[in-house]
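Hello,

Here is the structure I promised to pass on. Please look it over, then read my notes below.

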Amino acid sequence: MTIDGVGFSSIGRLHLLQLLQERALAVGAELIFDTVVQSVDELADFDLIVASDGVNSVVRRGFEGDFGMSLSYLPNKFAWYGVETPFDTLTQTFVETAYGPFNAHHYRYTSTMSTFLVECARETWERAGFATMGEAESAQKCAEIFADTLGGKPLITNKSNWRNFPLMWNDRWSHLNMVLVGDALHTSHFSIGSGTRLALEDVIALVEALEAQPDDMPAALQAYEAARKPIVQKIVTAATSSARWYENFADHMKLSPLEFGYAYMIRSGRIDDDRLRKFAPGFMAKYEGQG
Ligand SMILES: Cc1cc2nc3c(=O)[nH]c(=O)nc-3n(C[C@H](O)[C@H](O)[C@H](O)COP(=O)(O)OP(=O)(O)OC[C@H]3O[C@@H](n4cnc5c(N)ncnc54)[C@H](O)[C@@H]3O)c2cc1C
């Protein structure tokens, strides 16, 4: 089933990081590599600490009560691989196996390489024996499950351990002279592909707030949270609705291809039929004309 109108753009992580490094150097930042901050105490001399240290943020972990952090895990298991095949754009493959159904999210990030993310229910994962397999064995088994889609190509690993997606949120975005951005602040399920965009937009909002009130940092940090939080909340809610759809993909697979495609498109709760008619007219004409 092809669904028209779904925008897609991508960039390899390494390339993005190189571009960001060049940009940071061009505006006079001093970049320090291969240095792990063990504790916030090491940063005592700085006016402002921007915690952009990812989902396991050391800065946040030292003050989780102050930030009002909450954490839970989604039940599905996923593992993240690469493959030397340029898939078209965002493609979803759903396969039935003796263990239960599996789903792969796959999309190109260069003209020769794609991301290949495998997801399944916990029970399916246990039946397939993944709980006791190492990284290489798991990759081989996933490649067998998706052999048709992969055209026999192997899956490439890079810390490709099976994980449960963490839903992490903070009620307060700053504490003293520390402020959270990106994955240190919130997670949003990979099925809507917005994590990097959210991280960059958080920082843009933070810079705008600091520039608007250069002499009053506490007020600027409050303004950052007030302006940005409602926007992020909406996207995180949409991402979580999307994630919940994947928890039931075995049931959705019982639908006809058109019904299945439609259920997929409205999964985040943000798209109604009118919007869908506008941006996916080809798909909607088929869907609405099927009866
Ligand atoms: C399976 C999966 C698929 C995804 N797919 C997409 C996608 O298609 N599109 C998308 O936009 N997003 C995607 N994401 C999300 C995306 O990867 C993150 O949202 C994004 O990288 C967050 O950026 P960040 O800068 O906040 O954190 P990170 O990218 O995690 O960067 C944190 C940085 O801090 C450094 N660091 C951490 N601790 C310390 C320390 N103590 N001292 C010094 N340095 C430290 C780390 O080395 C790292 O460089 C996906 C995530 C997952 C799990």
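What follows is what I found in it, from the whole chain down to single residues.

First, the ground rules. This is a predicted model, where local features need pLDDT of at least 70, side-chain atom pairs count only at pLDDT 80 or more, and totals for chains, interfaces and linings use all residues. Residues are numbered from 1 along each chain as its sequence is written, and side-chain values use heavy atoms, with hydrogens and water left out.

**Whole chain**

The chain has twelve helices and eight strands. These are DSSP runs numbered from the N terminus: H or I of at least four residues for helices, E of at least two for strands. The C-alpha atoms fill a box of roughly 60 × 45 × 35 Å along the principal axes.

Of the 291 residues, 42% count as buried. Buried means under 20% relative accessible area, exposed over 50%, and partly exposed in between (1.4 Å probe, protein chains only). Take the contacts between residues at least 6 apart in sequence: 67% of them join residues at least 24 apart. A contact means heavy atoms within 4.5 Å.

Which residues of helix H12 (residues 281–288) are buried? They are Phe 283, Met 284 and Tyr 287. They cover an arc of only 95° around the axis, so they sit on the same side of H12. The arc is that of the directions from the helix axis to the C-beta atoms. Their cover includes helix H10 (257–265) and helix H11 (273–279).

In helix H5 (residues 135–145), the buried residues are Ser 138, Ala 139, Lys 141, Cys 142, Ala 143 and Ile 145. They pack against strands E2 (69–83), E3 (91–97), E4 (100–108) and E5 (114–120), and against helix H6 (147–150).

**Two positive phi values**

Asp 34 is not a glycine, yet its phi is positive, about 55°. Asp 34 lies in the loop between helix H1 (13–26) and strand E1 (49–51). Its relative accessible area is 84%, so Asp 34 is exposed.

Leu 176 also has a positive phi, near 50°. Its place is the loop between strand E7 (174–175) and strand E8 (178–180). Leu 176 counts as exposed, at 66% relative accessibility.

Best wishes
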